[in-house]
Amino acid sequence: MAEKFEKNPMTDDAEMSFLLVKPLSVQAGADKEIRTILERNKFFIAGTRRIIVTPPVVKQMFSSTVAGAEFLADFSRGCTGMVVLFQVARKNAIQLLRKLCGVDNPSDAGVGTLHYMYGVNETFNGVYAPRSEKEFDHQLACLEVWFKVYMQALAEREENAVSWAEKQFEEIM
């Protein structure tokens, strides 16, 4: 049985990262299983959100990388739609989360990795996690900006849009 986190997981050099469960995995209900896997691997779940990712969000997330147009198109196809975003914490979170994901191509990923278990191919590989602290900081900032802009646009369109959006993006916990 995996050890549970102490009440304050943000000690002992814990770092933050996130795991994005892609739309096909969300549609299959895999986000609940993935949450259990994260907890079993001693990741503290600091937050969970369901959000709708659009192609412009994907483009903005990778604007600081050297990603080419082909990569952006593939990633956009695999990540456009309803996703579940787990914010996680633990010592060496970024490195350990990438290890848990495995290589991007599910057919090359090790047995027991998230890409192996939930992926179909390199585009639809089930989950995504940042590869570095710099990538994490940039992509999380893009998602947060997008969320605020989206909420503001909905509020300006209709009176009840904010309550609708809150239901769509509410914490799943």
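Which residue stands opposite Val127 in E4? Val21 does.

First, the ground rules. This is a predicted model, in which local features need pLDDT of at least 70, side-chain atom pairs count only at pLDDT 80 or more, and totals for chains, interfaces and linings use all residues. Residues are numbered from 1 along each chain as its sequence is written, and side-chain values use heavy atoms, with hydrogens and water left out.

Helices (H or I, at least four residues) and strands (E, at least two) are DSSP runs, numbered from the N terminus. Two strands pair if DSSP finds at least two bridges between them. Buried means under 20% relative accessible area, exposed means over 50%, and partly exposed is in between, with a 1.4 Å probe and protein chains only.

Start with strand E1, residues 14-21. E1 and E4 run antiparallel, joined by 2 bridges. E1 also runs antiparallel to strand E3, residues 81-91, and here 8 bridges join them. Take Phe18 as an example: its bridge partner in E3 is Gln87. Why is E1 described as largely enclosed by the rest of the structure? Because 6 of its 8 residues are buried. A general point about strands: in a regular strand, side chains alternate between the two faces of the sheet.

Now helix H1, residues 23-27. Ser25 sits in it. Ser25 is buried, at 4% relative accessible area. Which residues does Ser25 touch, leaving aside its neighbours within four places in sequence? Ala30, Asp31, Tyr118 and Gly126. Contact here means heavy atoms within 4.5 Å.

A salt bridge is a side-chain nitrogen of Lys or Arg within 4 Å of a carboxyl oxygen of Asp or Glu. How many does a search of the whole structure find? It finds 4. One of them joins Asp31 and Arg50, at 3.2 Å, N to O. That pair links distant parts of the chain. Asp31 is in helix H2 (residues 30-40), Arg50 is in strand E2 (residues 44-53), and they are 19 residues apart. Asp31 is buried, at 4%. Arg50 is partly exposed, at 22%.

Next, a network. Arg98, Asp104 and Arg131 are linked by salt bridges. Arg98 meets Asp104 with the closest N and O atoms 3.1 Å apart. Arg131 meets Asp104 at 2.3 Å, N to O. Where do Arg131 and Asp104 lie? Arg131 is in the loop between strand E4 (127-128) and helix H7 (133-157), and Asp104 is in the loop between helix H5 (93-101) and H6, so the pair ties together parts that are 27 residues apart in sequence. Arg98 is buried, at 15%. Asp104 is partly exposed, at 23%. Arg131 is partly exposed too, at 42%.

After H5 comes Gly102, with a positive phi near 85 degrees.

Into the loop between H5 and H6, then, where we find Ala109. Is Ala109 buried or exposed? Buried, at 8% relative accessibility. Leaving aside neighbours within four places in sequence, Ala109 contacts Val103, His115 and Tyr116. Ala109 and Lys99 are 10 residues apart in sequence and 10.0 Å apart in space, C-alpha to C-alpha.

Last stop: Tyr116, in helix H6 (residues 114-118). Tyr116 is partly exposed, at 41%. Together with Val111 and Met117, Tyr116 forms a nonpolar patch on the surface, with about 320 Å² of accessible area. Patches are made of residues with over 30% relative accessible area and no salt bridge; like charges are joined within 9 Å, and nonpolar side chains (Val, Leu, Ile, Met, Phe, Trp, Tyr) within 5 Å. Accessible areas come from the Shrake-Rupley method with a 1.4 Å probe, and for residues only the protein chains shown count as cover.
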